[in-house]
Amino acid sequence: MQAFTKITAKVIPLPLKDVDTDMIIPAQYLTSISKEGYGENLFIRLKQEQPDFPFNQDKFADAQILVAKSNFGCGSSREHAAWAILGAGIRVVIAPGFADIFFNNSAKNGLVLVELDAEVINGMLVDAENGNYEITVDLEAQTVILPDNTSYKFNFDPFRKECILNGYEELDFLLAKSDEIGQFKEERDKNLFFSTK
Amino acid sequence: MAKNIIEKIWDLHVVSEKEGQPAVFAIDLQLMHEVTSAQAFDELRQRGIKVAEPQHCVATIDHSIPTRKDRENIYDEKAKTQIVTLRNNCEEFGIPLLDLNSGKQGIVHVVGPEMGLTQPGMTIVCGDSHTATHGAFGAMAFGVGTTEVGHVLATGCILQKKPKTMRVNFNGALKPGVYAKDAALALIAKIGIGGANGHVIEYAGEAARKMSMEARMTVSNMSIECGARAGIFAPDQITYDYLKNKPHAPSGEEWDRAAQYWDSFVTDEGATFDLEVEIDLDRLDPMITWGTNPEQGMMIGENVPNISELPKTHRLVAEKALAYTGLKQGEPIEGTKIDWAFIGSCTNGRIEDFRVAAEILKGKKIAENVTCYLVPGSEAVKKQAEDEGLDKIFIEAGADWRMPGCSMCLGMNDDKVPGGMRCISSSNRNFVGRQGTGSITHLASPAMVAVSAIEGKIANPVKFFN
């Protein structure tokens, strides 16, 4: 995964709630067997249908921080949604809340999800419209700093923070516990009544 | 201390848990399909590690296949590669594959239960959000991303945070013509698309206890549409009657031991939940969605909501939704002309769903303006339906009885609703373009889909039963 510590970058505003993963990347673009190449199809349908959709506007081309409304990433479990967002150069999504599976998938790939109050976000969505709105997201300090130096603290799971700051893979953490897992599974198997074989 | 079923399953599967770290959480069964597994196998290959428990994994092919009779001929080269890759990965890593024409292939959430692999008290994951379906059996089952598919392959575990718990009490009884699908849509309309975020649901109440396994699977399946990762029904005699004699279910003395163990998962008297929700079903009419997410649903006799009467935060989404679906606020939805009708998917592609459809379609004709796809959820469902002669009823009615797969639930394979066309669908999501770019979806029960297909417009199935 890509490590992340701190960026100062332009915001792209997406004033929508309940952005679903079908919207982020439609199913017809999921037939690849790699993790690469999804960025160009990020929000592809919205880009095709709406000429003024933020991701069609040159002024947001170099944005690395996406700001949206509540329940971002709901619906399908496709991790391709996180791959597509990262593939399009976005490193941080800020919203009042995220759907569970998308939340987990993002952490695994170093896509930083920041929860802030809806009111703060509504202000950011307006301020970012001019395409010239740069903010700082500091994961180490767990702060978002706006252009006028207003600073907001955000909560972040300490384990995830450690992983993302250092680019650690959760799988390494799990593999290090193989012995303990093995013993647990031996006991658990006594109360499992199936085999797929 | 009294525990609910969610806490019981959770506690039993925590391998270890330390302050400031997520729990190492044991997974009993992993279901796999072609779309969300290739990159996970790559991870194992790159690290040179084997699958920890191949006997607790099973794969099938469902999302990207055509449902034509000659479905082995896949014209989409990328989809074909994805399927061949799954076959090769299963072979290389020793994972059983329920392949096309094995008699066992089907939508992953239809085949798990019908093989008897889904059992009470288990933890089940799959790289698919509708894994929640398996909760119908008293299992904690949830969707994961591809990275976590890899974690389960490599270690049989994932890292998890303890979920919050919610109990949904389905009170009263469903009227004839009203189904589990309607109960699920009513719940989602009530609590919203993110209403259960962070929670696992237990479905309880007298109506829940009376539901068949197929009905329970429909409800559990839709749990994710209100943001819950999982939705569980306590195991009972209905569960055991369904499971008994299934190919991978225990038998003989082992069955007795298993059933006794499974009984222990029922929520204790006095156990509490973080949230409780009451849904009264006595007066529930068939539900239909009017918008572009599953919470935008209503009873069929109602009018499309007036935007000004919705909460402020919902108005913009509702405005966009109505602009997309072409419905008018304050007007009835019943009678809206449709172009397509679809019965199938992991939500409503089981034998009971096709029996209902056949009851309604028998001796009738699909309206001339409607294309009707009936897609069995699995090869076993297809065979069962054909053994019962349902296929003849469908074909005589002018419907297209197809081969098993996810079909037009998600617009990924050849089955897509053309742009601008309106489809009434027994599937689970009405997101913009979900069934194909520009397609308009109305979610409903299989009965409403069948009645609407005959009339050529959105129609109320209750009248059929009066």
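How many residues does the contact take from chain B, and how many from chain A? It takes 92 from chain B and 58 from chain A. Contact here means heavy atoms within 4.5 Å.

A word on the model. It is predicted, so local features need pLDDT of at least 70 and side-chain atom pairs count only at pLDDT 80 or more, while totals for chains, interfaces and linings use all residues. Residues are numbered from 1 along each chain as its sequence is written, chains are lettered from A in the order in which they are written, and side-chain values use heavy atoms, with hydrogens and water left out.

Now the interface. About 6,100 Å² is buried between chain B and chain A, and carbon and sulfur atoms give 58% of that. Buried area is the accessible area (1.4 Å probe) that two parts lose on being put together, summed over both. In chain B, the residues that lose the most area to chain A are B:Q39, B:R47 and B:L159, together 9% of what that side buries.

Next, charges. Side chains of opposite charge can pair when their charged atoms come close. A salt bridge is a side-chain nitrogen of Lys or Arg within 4 Å of a carboxyl oxygen of Asp or Glu. The rule finds six across this interface of chain B and chain A. One of them pairs A:K108 with B:E148, with the closest N and O atoms 3.3 Å apart. On the side of chain B that touches chain A, helix α5 (residues 146-155) of chain B gives the most, with six residues. Helices are DSSP runs (H or I, at least four residues), numbered from the N terminus.

Over all chains, the count comes to 32 salt bridges. A:K108 lies in helix α4 (residues 100-109) of chain A and B:E148 in helix α5 of chain B, so this pair joins two chains.
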